[in-house]
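My notes follow, roughly in the order I took them.

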Amino acid sequence: MEFVDSTALSTALPRLSLAFGTDPIHLKLALTSYILALAVLTPASGWVADRFGPRRVFMFAMSVFLLGSVLCGFSQSLTQLVIFRTLQGLGGALMTPVGRIIVVSSAPRERLVAALSWFTMPALVGPLVGPPLAGLILGVADWPWIFFINVPVGILGMLAVARFVPPLHQPDPGPFDTRGFVLVAVAITTLIGAAETVGIGLMPLPLQLGLAAVAFSSLGAYVWHALRVERPVLNLRLLRIDTFRASLIGGTLTRMGLGASPFLLPLLFQVGLGWTPVEAGLVTIGGGVGALACKSVAPYIIRRFGFRQTLIFANLASAVLTALPAIFRNSTPIPLIVGVLMVSGFMRSMQFTAINTVAYADIPPDTVSGASTLSVVTMQMALGLGISFGGLMLHLARGAGEAPLTPDRFVLPFIAVGIMSSLAGPLYRRLSPNAGAHIGGRRVG
């Protein structure tokens with residue numbers, strides 16, 4: 001539900017720009033406001049899940065998400081949409097990390113690769129279903145139905161959770177780290193706010209610099225705080241573990257490219273190439289098909305080559321494929337476009353399956369909640385910064401005077417996000433050849 005919603009909204013951005021009478025680039029606020037809410041509240045998700053129980057928290061999160069969905073459908077302006085997307089994000093902030101806590105806490109370590117491979121399936125089905133669903137909805141109805149479709153799905157999901165998710169007994173989380181949470185919330189809000197407005201004239205330069213200063217000051221203050229308290233809201237001590245550190249930092253760089261692509265591709269197809277939402281949605285199915293195809297072979301590849309080699313190759317391949325849409329024109333054969341997106345989806349899925357699994361290879365069982373929380377926070381920040389980065393590159397390529405978004409304007413953005421994704425490669429090279437061997441099923445030596 002969550003991933004279908006986000007990818008469907010990306011497909012509908014050109015229609016929303018007409019409905020609200022605003023520039024398509026400014027509509028990235030509807031995407032980043034949701035991600036900002038996720039990133040701000042997610043640090044508390046691990047403590048909340050341990051304190052009140054993962055199943056109960058998961059049900060509450062779905063209820064909040066559904067309420068936000070309905071209100072988004074009734075939005076009359078970009079401002080209202082941003083506010084209600086933020087409410088959606090508050091529910092989503094608890095859904096993803098708490099769901100991961102349930103899976104990691106329940107699965108035996110020797111089956112963690114398979115378990116997390118299945119856990120990432122919704123993130124792959126969403127991009128597969130979202131764009132064509134949005135195209136279909138926009139072809140027969142109006143954009144609010146993109147949000148209303150969540151209601152029956154969410155109700156069925158809540159019934160399934162009540163029926164199948166067992167009550168889990170989590171360790172006592174102790175007192176909540178209020179000071180750390182405030183510092184993290186301020187740092188995330190100001191950092192994404194500064195990134196979202198840089199270079200596009202939404203905020204005066206002195207205010208942008210002020211936001212950046214507050215962001216880095218708050219971040220530095222939190223690092224000092226987190227290393228001196230026993231149970232910080234985000235446990236930075238986990239970064240001492242090599243596999244977790246490589247997954248976290250490398251995944252952040254890679255996800256900045258992942259975050260930019262769903263924003264850039266609909267604009268390229270519908271505005272740059274003049275396609276209809278239905279045409280754009282059907283073509284982007286290729287990425288989802290490739291991602292789904294990877295799920296059946298990912299455990300075998302990781303077992304055969306190990307996490308290190310898999311990550312190095314998948315990162316290089318996905319970075320190149322992320323940049324390839326820069327060459328798409330009206331003369332580009334449709335099968336070639338679909339093929340590029342399909343292989344790109346396959347390699348990204350391979351990379352994220354390895355990243356998400358190796359992160360927990362050496363994590364002690366009593367710190368699973370903290371590791372999941374820190375992973376999801378950095379993931380959401382990376383996606384938000386990726387959208388802002390892609391928007392900034394598109395703004396720079398567009399030049400002064402808000403020139404039309406012709407296909408050549410997308411060359412710089414796609415190449416830039418491809419280069420950004422490739423920066424994770426050196427981090428993966430520093431991993432031990434036998435990193436995560438005991439959970440990947442690979443024989444050491």
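Helices, as I use the word, are DSSP runs of H or I with at least four residues, strands are runs of E with at least two, and both are numbered from the N terminus. I number residues from 1 along each chain as its sequence is written. This is a predicted model, so I ask for pLDDT of at least 70 for local features and 80 or more for side-chain atom pairs, while totals for chains, interfaces and linings use all residues; side-chain values use heavy atoms, with hydrogens and water left out.

**Entry 1, Ser69.** I found Ser69 in helix 5. Is Ser69 buried or exposed? My cut-offs are under 20% relative accessible area for buried, over 50% for exposed and partly exposed in between, with a 1.4 Å probe and protein chains only. Ser69 has a relative accessible area of 0%, so I noted it as buried. I then listed contacts, meaning heavy atoms within 4.5 Å. Not counting residues up to four places away in sequence, Ser69 touches Gln88, Phe147 and Asn150.

I checked the length against the expected span, which is 1.5 Å times one less than the number of residues. Helix 13 covers residues 242-272, and its 31 residues should span 45 Å; I got 43 Å between the end C-alpha atoms, which agrees. For bends I take the angle between axes fitted to the seven residues ending at a position and the seven starting there. Helix 13 bends by about 30° at Ser261, and Pro262 follows within four residues. I also looked at cover: 24 of the 31 residues of helix 13 are buried. Just after helix 13, Gly274 has a positive phi of about 75°.

Where is the kink in helix 6 centred? I put it on Gly91, at about 30°.

I pair rings of Phe, Tyr and Trp (its six-membered ring) if their centres lie within 6.5 Å; planes under 30 degrees apart are stacked, over 60 edge-to-face and the rest tilted. By this rule I count 11 aromatic pairs. One of them is Tyr34 with Phe65, edge-to-face, at 6.4 Å centre to centre and 80° between the planes. Tyr34 is in helix 3 and Phe65 in helix 5, 31 residues apart, so to speak distant parts of the chain. Both Tyr34 and Phe65 are buried. Phe269 and Phe328 form a stacked pair, 6.4 Å centre to centre with 15° between the planes. This pair links Phe269 in helix 13 to Phe328 in the loop between helix 16 (298-323) and helix 17 (334-358), 59 residues apart. I find both Phe269 and Phe328 buried. Ring pairs also link Trp47, Phe52, Phe176 and Phe181 into a cluster.

Leu311 lies in helix 16. With 1% relative accessibility, Leu311 counts as buried. Leaving aside neighbours within four places in sequence, I see Leu311 in contact with Gln351, Ala354, Ile355, Tyr428 and Leu431.

I searched for disulfides, pairs of cysteine sulfur atoms within 2.5 Å, and the structure holds 0. Cys72 is buried at 0% relative accessibility, and Cys294 is buried at 0% as well.
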